[in-house]
Amino acid sequence: MVTFVRRLRRFARALVAEVWRCLVAVGAVQLAGESARADFRPVDVPPPGHPERLCPDRPLTALERALLAEMGRPVR
């Protein structure tokens with residue numbers, strides 16, 4: 001019985017390790033594909049037509065100002 005439990009644990013560890021390696025590989029492929037695009041740039045504003053577009057005519061709320069200050073960006 002003890003050897004069966006040890007084999008089962010060893011199999012479970014090997015399975016989890018292999019799943020982890022697969023997830024890391026998939027993530028690396030996804031990141032490589034995104035950063036290899038010619039129009040890649042850091043996101044500073046949402047794209048046109050995005051539902052969370054910026055409204056420059058509205059003042060920032062107290063929470064938004066606090067979040068900007070926490071990120072180290074100048075508060076407008």
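So, salt bridges: this structure holds 1, and by that I mean a side-chain nitrogen of Lys or Arg within 4 Å of a carboxyl oxygen of Asp or Glu. Keep in mind that we're looking at a predicted model, where local features need pLDDT of at least 70, side-chain atom pairs count only at pLDDT 80 or more, and totals for chains, interfaces and linings use all residues. Residues are numbered from 1 along each chain as its sequence is written, and side-chain values use heavy atoms, with hydrogens and water left out.

Which residues pair up? Glu 18 and Arg 21 do, with their closest N and O atoms 2.6 Å apart. They sit 3 residues apart in helix 1, so about one helical turn separates them. Helices here are DSSP runs of H or I, at least four residues long, and strands are E runs of at least two, numbered from the N terminus. The chain has 2 helices and 0 strands.

Glu 18 is partly exposed, at 39% relative accessible area. The cut-offs: buried is under 20%, exposed is over 50%, partly exposed lies in between, using a 1.4 Å probe and protein chains only.
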